[in-house]
Amino acid sequence: MRPPPPPPRLLLPLLLWLSGCGAAAPPADSLSQLPAPRNLKVYLYNTQQALSWEPVTLSNDLRPVVYQVQHQYNPSSNWYDVNKENSKVDCTNIIVPKCVFSTNNLSEGFPPSFNISLRVQAKLAGLVSDWVTAPWFQHYRNATIGPPENVWVTPEEGSFNIKFSSPFDVPASEAYFLYYVYYWEKGGIQQVTRPYRSNFITLNNLKPLRAYCFQVKAELFWISGKISRPGHLSDISCSETTAGASAKLQQVILIAVGTFLLLSVVVGTCLFLVRKYRGLVKYWFQSPPRIPAQLEEYLKDPDQPILDALDNDSSPKDDAWDSVSIVLSPENEGEDVLQSTVNQSTGPSQQPVEGGLQASEPTDVTVRT
């Protein structure tokens, strides 16, 4: 089949001019498509799964832009809308630039062992943007593991019992957690335990009556993928170990000895000060001298005959006499003895008696007291 003949030379310039005029007159609002969303981010933390992006804005249109999210199970090539039919959330025509797939349970979102791809598209009336695809992910491979929760500590004699809960629940056939305890004595060197699969750990061989601080960390191990994901450390907690029976006895003995020594020092110091400052202490504690009551009354009223009353109060009974007998032994017979008698008044002087005294006769001497 032969090709068609060429057009006449006069018609060719006319056709070119007409075609140029048609191309130069596009419609005034000819916006072929919307800008595509940018900076897609997949958020995976414990059981949370979410996709976020930067919103699309138009300077000449104030109508809200809506977004549609689709997912794909690799290696399949089919894309599915994220709606109530295919999942438990609806992200077909949303205004916010974020789609949350799960929050508190892995069963709410995508299977944690599946390879998932996500893409998003912007829409405004009859205009649409290109699809933008986020990097694929697997939850067990890419999730951020948080610290263990609800950490409880029970101090014992030289040990700690630590109990906590896992960051989130995982099927035992797919994955499990390993736990580590980082502990140190205050001001000491940090140590770490071996991995435990139990959420109840006992720290032994610790010093009694010492303060220790510790943190707990969980590590997720994916069985089929043979991949581990270390988690974050929990907040620092501190507690003090208790004392055993021997330590308590030693503590009681030390307290008793210390108390005795302290009392001894106090008593010894007091005695030393009392002896050194005896006069000052006596001055402080001695009662001041007091004037007799009769003199105090006389000083108040000198006209009263206080002195005469005092003279009249003196009784003859106060002048007492004692009798003293002097007995001479036979050895002193023949010797002259001078007997003197003292009378109540002036009393006469006694003269020696001739011939001496008989041995059996006592001599009385009266003495005034």
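# Exercises on a predicted model

The side chains of arginine 63 and aspartate 61 form a salt bridge, with N and O 2.7 Å apart.

## Exercise 1: salt bridges

Task: Find how many salt bridges the model holds, and state which residues join into one network.

Solution. 

1. A side-chain nitrogen of Lys or Arg has to lie within 4 Å of a carboxyl oxygen of Asp or Glu. By this rule the count comes to four salt bridges.
2. The pair of arginine 63 and aspartate 61 meets the cut-off at 2.7 Å. Arginine 63 is partly exposed, at 46% relative accessibility.
3. Lysine 207 and glutamate 185 also make a salt bridge, their closest N and O atoms being 3.9 Å apart. This pair links distant parts of the chain: lysine 207 is in the loop between S13 and S14, and glutamate 185 is in strand S11 (residues 175–185), 22 residues apart.
4. Glutamate 185 forms a salt bridge with arginine 210 as well, with the closest N and O atoms 2.9 Å apart. Arginine 210 lies in the loop between S13 and S14 and glutamate 185 in strand S11, so the pair ties together parts that are 25 residues apart in sequence.
5. Shared partners therefore join Glu185, Lys207 and Arg210 into one network.
6. For accessibility, lysine 207 is partly exposed at 43%, glutamate 185 is partly exposed at 23%, and arginine 210 is partly exposed at 35%.

## Exercise 2: the surroundings of strand S10

Task: Determine which strands pair with S10, and whether S10 is enclosed or open.

Solution. 

1. Strand S9 (residues 149–156) pairs with S10 in the antiparallel sense over six bridges. Within this pairing, tryptophan 152 has lysine 163 as its bridge partner in S10.
2. S9 and S10 form a hairpin with two residues between them. Glycine 158 in the turn has a positive phi of about 70°.
3. S10 also pairs with strand S13 (residues 200–203), antiparallel, over four bridges. Here asparagine 161 stands opposite threonine 202 in S13.
4. Five of the seven residues of S10 (residues 159–165) are buried, so the strand is largely enclosed by the rest of the structure.
5. Asparagine 205, in the loop between S13 and strand S14 (211–222), counts as exposed at 81% relative accessibility.

## Exercise 3: backbone exceptions

Task: Locate the cis peptide bond and two residues with a positive phi that are not glycine.

Solution. 

1. Most residues other than glycine have a negative phi, and most peptide bonds are trans.
2. The bond from asparagine 74 to proline 75 is cis, with omega near 10°. Proline 75 lies in the loop between strand S3 (66–73) and strand S4 (80–81).
3. Alanine 125 has a positive phi of about 55°. Alanine 125 sits in the loop between strand S6 (116–124) and strand S7 (127–128), and is exposed at 65% relative accessible area.
4. Asparagine 150 likewise has a positive phi of about 55°. Its place is in strand S9, and asparagine 150 is exposed at 54%.

## Exercise 4: a nonpolar surface patch

Task: List the residues of the nonpolar patch and find the element that gives the most to it.

Solution. 

1. The patch consists of Phe272, Leu273, Tyr277, Leu280, Tyr283 and Trp284, with about 720 Å² of accessible area together.
2. Helix H3 (245–276) and helix H4 (278–285) are the elements that give two or more residues. H4 gives the most, with three residues.
3. Phenylalanine 272 is in helix H3 and is exposed, with a relative accessible area of 53%.
4. The protein as a whole has an accessible surface of about 26,000 Å², of which 56% belongs to carbon and sulfur atoms.

Note on methods
Residues are numbered from 1 along each chain as its sequence is written. This is a predicted model: local features need pLDDT of at least 70, side-chain atom pairs count only at pLDDT 80 or more; totals for chains, interfaces and linings use all residues. Side-chain values use heavy atoms; hydrogens and water are left out. Patches are made of residues with over 30% relative accessible area and no salt bridge: like charges are joined within 9 Å, nonpolar side chains (Val, Leu, Ile, Met, Phe, Trp, Tyr) within 5 Å. Accessible areas come from the Shrake-Rupley method with a 1.4 Å probe; for residues, only the protein chains shown count as cover. Buried means under 20% relative accessible area, exposed over 50%, partly exposed in between (1.4 Å probe, protein chains only). Two strands pair if DSSP finds at least two bridges between them.
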